[in-house]
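Please walk through this structure with me, one element at a time. Start by looking at the sequence and the model below.

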Amino acid sequence: MDSMGITCRLRRWVGSIIFVLCLVMAVYGVEAREDALRKVRFLPQWIHQAQFAGFYAAFEKGFYREKGLDVEIMRGGPDLPGSEMLADGKADFATMFLFRGITVRTQGLRLVNIAQIVQKSAYMLVARKSSGISRPEDLKDRKIGLWGGEFRLLPEAFFRKYKLNPRIIPQGTTMNLFLRSGVDAASAMWYNEYHQLMNAGLAPEELTTFLLSDYGMRFPEDGIYCLEKTCLENPSLCADFAAASIAGWEYCFSHPEEALDIVMKYVYASKTATNRVHQRWMLERMKDVIRFEDAPPLGMLSEQAYMEVAAELKKGRFIETVPSYESFRFGPRGGGRP
Amino acid sequence: MRPGYSIATRLILSIGGAAALIFISAFGYNYLVSRRTVIMEVEERAKNLTLSISHQIEVVLRGVEGVPASIASLMEIQSFNNEGLVPLIEGNLEANPEIFGIAIANEPYALSPELKFCAPYGFRGDDGIVFSFLGGELYNYFALDWYQISKETRNPQWSVPYYDEGGGDILMATYSVPFFRRRGEERQFAGVATADISLEWLESLLAEVRIYQSGYAFLVSQNGDFITHPDRGLVMRESLFSLAEALGDPKLRLVSRNMIRGEKGFAGLKDFLRGRDSYLYYAPVGSSGWSLGIIFPASELLGDVVGLTKKLLAMGIAGLALMCIVIVFLSRSITRTLRNLSAATARLGKGDFSVKAPESGASEIRELAHSFNTLGRQLEEYIEKRDFIRDTFGRYVTAEVVKRLMESADGLALGGENRELTILMSDLRGFTALTSQMEPERVVLFLNRYLSKMIEILMDHRAVIDEIIGDGILAFFGAPEPMEAHALQAVSCALKMQLAMEEVNAVNEREGFGHLEMGIAVNTGNVVVGNIGSERRTKYGVVGAQVNFTGRMESFTVGGQVLISPSTFERLSGLLETGELLKVQMKGVPAPVTLYEVRGLGEPYNIRLPSKDDELRHLSSPIKVNLYRVKDKMISGANDSALITEISLKSAILICSGLLKEWEDLRLDARNEKGLEERCSIFAKVISVKEAQGGGSEVAVRFTWVAPAFYSTIRGIIAS
């Protein structure tokens with residue numbers, strides 16, 4: 001209770017400071033506007049890695065600056081949830097999985113999607129072939145490691161589809177449980193954990209993988225989110241940030257080696273325990289989930305995919321109501337698949 | 001001559017090549033054996049070193065493992081509440097200074113229905129042991145490796161090493177032991193007891209490992225991640241597999257798999273850092289699942305072998321070079337004598353037979369030089385003999401025949417060819433009669449003087465002298481070497497022979513020999529020419545009807561005359577200056593034959609016989625002579641007398657009673673009057689016969705030989 005009080009007081013303090021700052025900026029900002037860049041804080045949802053290569057590239061290649069943006073790329077992680085950071089005003093933009101964005105929105109935080117980056121899910125279940133798993137049906141009654149929260153959405157939809165009732169083991173942040181054979185199958189992002197298994201000595205031919213987007217669950221993932229308020233007050237800021245970020249991704253796809261160099265620069269600066277081989281893999285897979293054969297244009301959130309994810313969330317009782325696509329989406333809108 | 005290699009080159013190629021081959025084989029064998037020995041030694045050494053380090057680590061880990069194991073056992077038999085676990089942890093931490101922290105983490109609500117998280121944790125703080133209770137919304141330990149893996153595998157586990165939570169650079173590892181509670185039949189998982197240790201000592205232990213100059217040790221986790229490595233950049237960032245993928249090295253991947261499977265082994269591979277050829281020995285570290293590897297570069301490992309090999313190689317090359325030099329010197333000394341011999345042979349080839357090769361050097365060379373010198377000497381002797389033979393032989397045959405015989409391979413082969421030649425025959429008129437009265441020595445002297453002159457002229461005209469019978473000469477032109485104008489040569493030669501008779505006669509008269517006249521017949525026609533004779537005695541000569549015809553022609557000549565046959569005449573008609581024409585009837589020839597007397601050759605040869613100073617003087621008192629007929633050079637016994645009524649130096653008119661025929665040969669002996677002695681005679685040929693006015697015959701004769709005394713008498717008559 002005591003701590004809550006302190007937090008409230010703090011918030012008020014912060015609020016008044018921001019208010020004063022806003023006033024100052026309103027007074028001086030008008031004349032400084034021509035020269036001064038608009039300061040923006042961006043929070044990727046995880047630690048620095050190739051998953052966010054496009055944002056690093058947009059910064060390093062000056063795409064943000066070209067749009068008059070002075071972007072601070074923050075270091076994300078499990079301890080810094082994007083929804084809270086946006087709500088607290090500690091970040092202006094953040095990336096989130098689509099299902100996370102919808103969930104947060106229905107929980108009362110008015111945030112909007114200003115650009116959809118990853119157009120299909122990279123979520124996969126992996127199992128050792130030696131454990132006799134080669135078809136979805138083989139997962140029946142097996143011990144399967146799953147991440148918590150909305151991450152369960154996809155695998156549970158998958159289990160429903162194949163009428164499986166496996167033993168769910170909560171999965172931490174490493175693949176060690178699977179590597180030590182503590183579970184029969186584990187969750188993995190195609191661009192990350194799957195390759196960690198390769199880095200731990202497993203060969204692709206030893207594994208059975210179920211990439212869930214191959215089983216009818218497209219489920220777009222990383223998108224750029226901000227508060228609805230930000231969009232209403234400063235629509236050009238949002239549009240510029242989205243456009244420059246998309247340009248950053250385009251640059252990565254046309255200059256993969258340079259993009260990798262940029263990623264490694266961020267990785268080394270943040271002392272992340274990873275290596276170039278792994279980041280290369282991640283960057284290549286990011287392209288696979290952003291720019292595949294019938295993917296919508298980079299940045300566009302497909303209404304159909306949105307509705308699918310929302311419906312699945314409702315079915316899984318993660319949400320009770322489905323926010324309208326129009327209210328969720330800022331910027332270019334799309335119907336079904338282009 | 002086919003160009004070849006010198007002796008030195010051949011020796012170097014063969015001996016040097018063989019020696020190099022032997023050397024390389026021995027060298028290669030030595031290298032391989034030494035290399036294998038060294039690698040085996042190093043493998044042994046690396047194995048011992050690896051096992052020893054592994055053992056050291058294992059001893060420490062074992063000591064640590066015992067603590068959570070005993071706590072776990074206690075947890076299975078005794079009931080504790082949350083606070084009750086604190087002294088247990090504290091006591092164990094105090095008793096085991098190597099342990100940094102101990103936790104006893106229980107399943108949700110295991111100790112109390114109100115407590116979801118029940119995990120007291122004691123660790124060494126700056127001021128002694130500090131306690132905290134793990135668990136909360138942000139620290140859900142049930143999903144953490146140290147808890148979950150032991151739970152799910154139901155086995156004690158060493159964690160993958162990690163950096164401590166405090167954000168320091170202290171490498172830590174946690175040993176987790178699951179404990180269970182009996183619920184009826186089932187042994188139900190109840191929690192995990194853990195012990196954390198710092199691995200700083202491990203890092204320094206491995207950092208101390210030095211093999212050769214840059215060999216080192218490294219440790220990888222169960223996943224192949226680097227726990228320690230001299231390159232800190234790899235630690236906790238790269239794994240053996242990410243390196244294998246980055247380097248595209250499937251062998252490294254294979255070895256890495258063996259390592260994380262807890263195998264031990266020895267492998268040659270590329271160093272991860274520098275890409276050098278290296279050797280890796282690896283072994284598992286106790287029950288941790290970690291693997292220890294020791295890497296040493298092949299270059300250093302094999303440094304001694306490579307050094308020794310280099311020295312051997314240098315020695316071998318130096319040896320080979322020395323051998324090549326020796327071979328060059330040796331072959332030079334051999335070939336020097338050979339070169340001398342070769343130079344000597346060249347001189348010999350140019351005809352210098354006096355050249356001598358030095359008989360020195362190796363015995364074979366000495367023998368060769370000796371043989372050469374013998375050859376030179378024998379050649380010299382042979383040439384001397386040959387020259388003698390050629391000179392001697394040349395006196396009998398012309399140079400051309402000698403040349404042909406000596407130089408042509410079939411020169412001496414018997415046989416003949418039909419060829420058109422010009423044949424020349426000459427004879428001295430009255431020679432037999434003259435010589436019959438002379439001493440033999442004087443005959444030879446006289447004959448040789450005459451023949452040597454004639455032969456000289458014949459040789460000059462490239463005639464082949466077929467035969468010399470006494471005073472008669474048979475020669476031919478146009479063989480053995482073909483001659484363009486053999487008829488012209490023959491006539492020119494004949495004229496010159498006649499002109500030379502003046503000189504011969506001048507000498508003869510001075511020495512008291514008689515005046516001689518020569519007749520020459522020249523005939524052109526087809527004859528057989530070749531080596532005629534047997535293997536033992538051969539001459540290069542001519543045979544055929546034309547030879548006989550020429551002989552007959554010759555019998556019609558008188559002294560100083562050159563008669564040519566119509567065939568010769570035809571060939572030279574424009575050039576000839578002819579005198580009288582003789583129509584003669586020859587034996588064996590049905591029609592009369594016209595013979596032409598040649599007086600000279602016109603431009604450009606300009607050879608002319610002196611005009612006939614042959615005006616007959618009428619003798620007021622005729623000279624009486626006895627007349628003998630000469631038939632076949634024999635004087636017939638019949639003896640007539642005759643009167644010389646007219647006389648010149650070369651001819652006369654006789655009146656005689658007997659019947660004489662044209663072309664008959666006569667001998668006229670003076671009858672001891674007008675100062676002429678009895679045996680003073682003239683040989684002559686009947687030229688024409690007329691009937692004398694006073695009966696008998698008036699006979700014109702031409703002298704063929706006049707005795708010196710008679711000759712001076714005639715001169716006296718003419719002079720008066």
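At what angle do the axes of helix 2 and helix 11 of chain A cross? The axes of helix 2 (residues 53-60) and helix 11 (residues 256-269) of chain A cross at roughly 95 degrees and come within 9 Å. Axes here are lines fitted to C-alpha atoms, for helices over the stretch in contact, and angles run from 0 to 180 degrees between N-to-C directions. Helix 2 of chain A and helix 11 of chain A are therefore roughly perpendicular to each other. Angles of 65 to 115 degrees count as roughly perpendicular, under 35 as roughly parallel, over 145 as roughly antiparallel and the rest as oblique.

A word on conventions. This is a predicted model, in which local features need pLDDT of at least 70 and side-chain atom pairs count only at pLDDT 80 or more, while totals for chains, interfaces and linings use all residues. Residues are numbered from 1 along each chain as its sequence is written, and chains are lettered from A and ligands numbered from 1 in the order in which they are written. Helices (H or I, at least four residues) and strands (E, at least two) are DSSP runs, numbered from the N terminus.

Back to the helix pair. Helix 2 of chain A brings A53(A), Y56(A), A57(A) and E60(A). They meet A259(A), I262(A), V263(A) and Y266(A) in helix 11 of chain A. Two residues are in contact if their C-beta atoms, placed from the backbone, lie within 7 Å. By class, this contact of helix 2 with helix 11 of chain A has seven nonpolar, no polar and one charged residues. Ala, Val, Leu, Ile, Met, Phe, Trp, Tyr, Cys and Pro count as nonpolar, Asp, Glu, Lys and Arg as charged, and the others, Gly among them, as polar.

Next comes a sheet in chain A. Five strands form an open sheet in the order 2-1-3-10-4, with mixed pairing. Two strands pair if DSSP finds at least two bridges between them. Strand 2 (69-73) and strand 4 (111-116) of chain A each have a single partner strand, so one side of each is left without a neighbour in the sheet. From one strand to the next, the twist averages 30 degrees. Strand 1 (residues 38-43) of chain A pairs with strand 2 of chain A in the parallel sense, over five bridges. There, R41(A) has E72(A) in strand 2 of chain A as its bridge partner. Helix 10 (residues 235-254) of chain A lies across strands 1, 2, 3, 4 and 10 of chain A. Helix 10 of chain A runs at about 35 degrees to strand 4 of chain A.

Chain B has an open sheet too. Its five strands follow the order 9-8-12-11-10, and the pairing is antiparallel. Strand 9 (226-228) and strand 10 (265-270) of chain B are the edge strands, each pairing on one side only. Neighbouring strands are turned by 35 degrees against each other on average, direction ignored. Strand 10 of chain B and strand 11 (residues 277-285) of chain B pair over six bridges in the antiparallel sense. L269(B) stands opposite S278(B) in strand 11 of chain B. Helix 6 of chain B packs on the sheet, touching strands 8, 10, 11 and 12 of chain B. The direction of helix 6 makes about 150 degrees with that of strand 10 of chain B.

Where do the chains meet? The contact takes 25 residues from chain B and 23 residues from chain A. Helix 3 (145-153), helix 5 (240-247) and helix 6 (250-260) of chain B each give two or more residues to the side of chain B that touches chain A. The largest share, five residues, comes from helix 3 of chain B. This side of chain B has 10 nonpolar, nine polar and six charged residues.

Two further helices of chain B also pair. The axes of helix 1 (residues 7-77) and helix 8 (residues 303-349) of chain B come within 10 Å and cross at roughly 165 degrees. That makes helix 1 of chain B roughly antiparallel to helix 8 of chain B. The residues of this contact divide into 21 nonpolar, seven polar and three charged.

Last, look at strand 20 (residues 593-601) of chain B. Seven bridges join strand 20 of chain B to strand 19 (residues 576-584) of chain B, and the two run antiparallel. Strand 20 and strand 21 of chain B form a hairpin with five residues between them. In the turn, N606(B) has a positive phi of about 50 degrees.
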